[in-house]
Amino acid sequence: TKRESRRRSAVIGEDKHPREAARGFCRRCAETHRLERDAAAEAEARALMDRIRAAGRLDFDEDVADPRFGVEKMYEPGGGKMLGVLLAERAAATRAETSPATRETDAPRAATSSGTTEPEKAEIVVLKAFSGQLYGEW
């Protein structure tokens with residue numbers, strides 16, 4: 001009902017914090033862990049939506065389109081999906097020598113030829129996900 005929908009929206013609204021992207025209770029350590037919002041992650045999320053809209057499909061990374069993953073299904077009743085991105089730093093031991101996706105972090109600093117130190121560039125990996133099954137597929 002509309003009343004229930006408004007109530008759920010209010011609960012969701014109360015749970016939002018402007019700098020918090022997600023949080024959850026950890027049974028292992030009995031603490032609540034949080035992921036903070038990040039401008040880079042929000043830009044990646046917007047870019048993901050732009051790519052999906054431009055391609056007209058959710059499997060835009062594949063060479064051959066699978067008709068099951070067309071975006072038109074998302075506009076049918078029950079077709080919506082929650083999409084998300086997570087930015088992570090690739091471990092130093094697995095970084096490729098030539099990586100286009102890098103940005104400065106608080107990584108260890110490397111000495112330059114002039115004797116000054118500069119932060120090393122960390123490779124940022126973008127993970128994309130959707131909630132639950134997508135049209136019956138995992």
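Lys-73 is found in the loop that runs between helix H2 and strand E3 (83-89), where helices (H or I, at least four residues) and strands (E, at least two) are DSSP runs numbered from the N terminus. The model is predicted, and local features need pLDDT of at least 70, side-chain atom pairs count only at pLDDT 80 or more, and totals for chains, interfaces and linings use all residues. Residues are numbered from 1 along each chain as its sequence is written, and side-chain values use heavy atoms, with hydrogens and water left out.

Lys-73 counts as partly exposed because its relative accessibility is 27%; buried means under 20% relative accessible area, exposed over 50%, and partly exposed in between (1.4 Å probe, protein chains only). A distance of 9.5 Å separates the C-alpha atoms of Lys-73 and Arg-57, which are 16 residues apart along the chain. Arg-23 belongs to strand E1 (residues 20-26). Arg-23 is also partly exposed, because its relative accessibility is 41%. Its C-alpha atom is 8.7 Å from that of Glu-36, 13 residues apart along the chain.

The chain contains 2 helices and 5 strands, in the order α-β-β-α-β-β-β along the sequence. Of its 138 residues, 15% are buried. Among contacts (heavy atoms within 4.5 Å) between residues at least 6 apart in sequence, 44% join residues at least 24 apart.

The largest nonpolar core consists of 8 residues: Leu-48, Ile-52, Leu-58, Phe-60, Phe-69, Val-71, Met-74 and Leu-134. Such a core is a set of buried Ala, Val, Leu, Ile, Met, Phe, Trp, Tyr and Cys residues joined through side-chain atoms within 4.5 Å. Beyond its neighbours within four places in sequence, Leu-48 is in contact with Phe-60, Leu-83, Gly-84, Val-85 and Lys-128.

Leu-48 and Phe-60 are also among the residues lining the second largest pocket. A pocket is an open set of points on a 1 Å grid over the protein atoms alone, where a 1.4 Å probe fits, with protein on both sides within 12 Å along at least five of seven lines; lining residues have an atom within 4 Å of a point. Helix H2 (39-55) and strand E5 (117-130) each supply at least two residues of this lining, and E5 gives the most, with 3 residues. By class, the lining has 8 nonpolar, no polar and 4 charged residues. Here Ala, Val, Leu, Ile, Met, Phe, Trp, Tyr, Cys and Pro count as nonpolar, Asp, Glu, Lys and Arg as charged, and the others, Gly among them, as polar.
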